[in-house]
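Look through the structure below before reading on.

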Amino acid sequence: MERIIMNGNSAAAYGAMLSRVQVTAAYPISPQTGIVEQLADFVASGQLGAKFIMSESEHSVMASLIAASESGARVFTATSSQGLALMHELLHWAAGARLPIVMVNVNRAMSAPWTMYCDQSDIVAQRDTGWLHVYCEENQETLDAIIQGYKVAEKVMLPVLINMDGFYNSYTTEPVIIDEIEKIDRYLPPYDPPVKLDPEEPHTLHGGTGPHLFMEMRYKMWQAMEHSLTVAREADDEFGRIFGRSYGLTEAYCCQDADLVLVSAGSMVGTLKEVVDDYRSRGEKIGLLKIRYLRPFPTQEVCQALASARQVAVIDRNVSVGMGGVFWQEVRSALYGSNGAANKPVLGFLAGIGGRDVTPESVDKIIEMARSNPPQDVPIWVELKV
Amino acid sequence: MRKDDKFQIQRPTAKRIQSQQPIVLEKLDDYPYKSVAMGSTRSNLTGLWRYWRPYYQTKRAPCDAHCPIGNHVVDFIQTLIDGHWEKAANILRGENPLPAITGRICHRPCEINCNRHQYDERIAIHSIETVLAEFKSEALNFPPAEQPRAVAVVGSGPAELSFAHFMASLHHQVTIFEAEEVLASSLRHGPRARHLAAGVLDAEIERIVSARIKVRYNQKLDRDVTLQELERDYDAIFGVVEMPEHLSLIIPDKGTTENENQAKSFDPLLAGGAQNEPVKTPLRVSEAIGYAKWAALLLDSEWRGLNPQDTLAHIQVGGNNRIVSAMKYLALLKGHTIQRSEQVVSYDMLHLEFLDQPAPSVKPSLVDQAQSLLTTSFVSRDDIQYVIQEAGRCFSCGRCNNCDNCWIYCPDAAIAREKGHYQIDYDYCKGCTLCAAVCPRGVISIIEEEKWSE
């Protein structure tokens, strides 16, 4: 075990290397470029025995990874924003084809106007593609999420998309623990799919499927996604036992007696924890719920964590224009009709859109606004110039 | 989870594929976890959708159809391209007993009608023929006649030599009565004799005569031998014997006791009540050879108890009843079915846009080489090179030369290719007829499915 100071991009590349990925294809795009560079270094230096495919677009990246995965290889890539959007149709294909691909999205607001900066609008837009969605708070978590991602993906045969906040994680250095590869090998055995492309035993894959067959295939996918909740919990527990770090599908922080629970995902959670500690030190009952899994949505954990809260404030770093933040919508629909957790005010705050800093002072304002009983049916834009 | 039954699928085994049994998924547990084929689409006989049925049918190229001798020009050219020179020579000599002569002095109706003429320039078929004539070849091996007949051939021009050749090949005893001291004096002194280099003619005659034909020199009709003597001693007399400058085939009527010695002119088609016009000489060399061959084959068929009219229908080439094929006659005698259609492939029937880079026209220097062929008696390495190039330009009209277009383009992979043969799997051919559209040489025909069985 060694501890290295590195940024989020390096941590992601290390995660892929430690997972012994066999094929990686990538197209560089800010703020993900560091991952591609680091992976290329690993492959060139022989530290990672993978085939590195230079691709002409993100669409080709995903297409080649789909083919490589079908042939039985463990595959990895990373992208951002417009690149992720360019992959969109193939994200559906990868999930429908039940391929355990793991991808990191270093998020970045969708243009136009043209921008490089952080928000989650790119990744929440891929919510319904059938991938597992994991949101990471810091660099160690990103590295661990990749290793866990393969563990889960290869058990349920669904792809995993891991979110890293652009700039806040990708370019921020933190100490990251690199565990011994032998330990990781024990946790993550080589990938051996039940079905793969094999000239010795040819199969037709994903041929034309009529209405008499398609619906059950979707239902099978649905079952796998449902099952992944259990698999993800188990994988995280096992990881904790071996490496001493586990994250849960959600993390409830000081929620049990909280009057107001803040809910968020990604790098902003770190700031929120500081603020909660600050308020708690003054005796104010503020809690925090960090959501790691957007898909499958951990409804049970969320309802449990929010059961005792009198008020919930969801802070989204993304906006579904015309409705509000996606996490806000998800939390509201999870709570609706649930035992005990229903019918409490769930406020939707939009903060940090397009990379604007969310400071402790911004959170103060959010708490202050929440306490003023604002309307619950529309999102509240934080620190908007009006 | 790896051991979980959810990931177990029925793998498509060869047995399952061959059985063509459809896979039925009745309940969720029957489904695979991902959309992988569990059986084969072979259970879906898409060939049932077919309206048009494509099928391979070898046809006649215009060179074949216009050759008075009935040569299979495309056959010997394509066989030569495949590197089988002796086999190609067999195809040539099977139909034409004098290829070294015709290659040099024929009026070349094959080339006049060559489809490539409309594209750039005709194939120099005569050069190919001249070179091929130098290769070793084997005569057609006809089944023996039940009762070999004695045949007299008077004179030794191309027609007489051709008749003698085919009659001898058909196992009859042939005697040539030649007025002079050498055979084929018409070719030696005729207008085109200068094209026949010394030795070429003698070699060709030797091949025909060899040990199987008796030759009596200095036997001029009406001077040294009389027609009555021939009619008495022979079952058939061929040559310019009855009318001056006209070829006749005389069959002495020995079957009736009343007119024992009365001969009659015989046109094998007379039995069918057709025309009986003697053939006027001099003929063009290929026409002479072709007419004599026609007479010989039909006379033999009469002697074998076949109906000449039916025989002619079977052995004619390109739909022309004055042109016959010895190889088709051989097949008929052996009871082989002949798959070939005699439909002539016109230029419009070719799909040249799908040719894989047609070979360029011949370079002028090589054309000179072609000219030199006519006056020399030997074949050089340059000649061979030239002939290979020239043969490579052949469109192979109506004859498959394994270009693979059909096999490559078939969108249903319903064409199998094995050892140079293609086979359409009609269980899965939907009848799009793309194969016919991409066949550069018009080999693939189409027909409405419901008319196929007729």
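How many bridges join strand 6 of chain A to strand 12 of chain A? Two bridges join them, and the strands run antiparallel. Strand 6 covers residues 132–135. His133(A) has Arg295(A) in strand 12 as its bridge partner. Strands here are DSSP runs of E with at least two residues, and helices are runs of H or I with at least four, numbered from the N terminus. Two strands count as paired if DSSP finds at least two bridges between them.

This is a predicted model, in which local features need pLDDT of at least 70 and side-chain atom pairs count only at pLDDT 80 or more, while totals for chains, interfaces and linings use all residues. Residues are numbered from 1 along each chain as its sequence is written, and chains are lettered from A and ligands numbered from 1 in the order in which they are written.

Chain A as a whole has 13 helices and 15 strands. Of its 386 residues, 51% are buried (20 or more other C-beta atoms within 10 Å of the residue's own, with C-beta atoms placed from the backbone).

Chain A also touches chain B: 19 residues of chain A are in contact with 13 residues of chain B (C-beta atoms, placed from the backbone, within 7 Å). Helix 9 (residues 211–243) of chain A gives the largest share of chain A's side, six residues.

Key: Two residues are in contact if their C-beta atoms, placed from the backbone, lie within 7 Å. A residue is buried if 20 or more other C-beta atoms lie within 10 Å of its own, exposed if 12 or fewer, and partly exposed in between; C-beta atoms are placed from the backbone.
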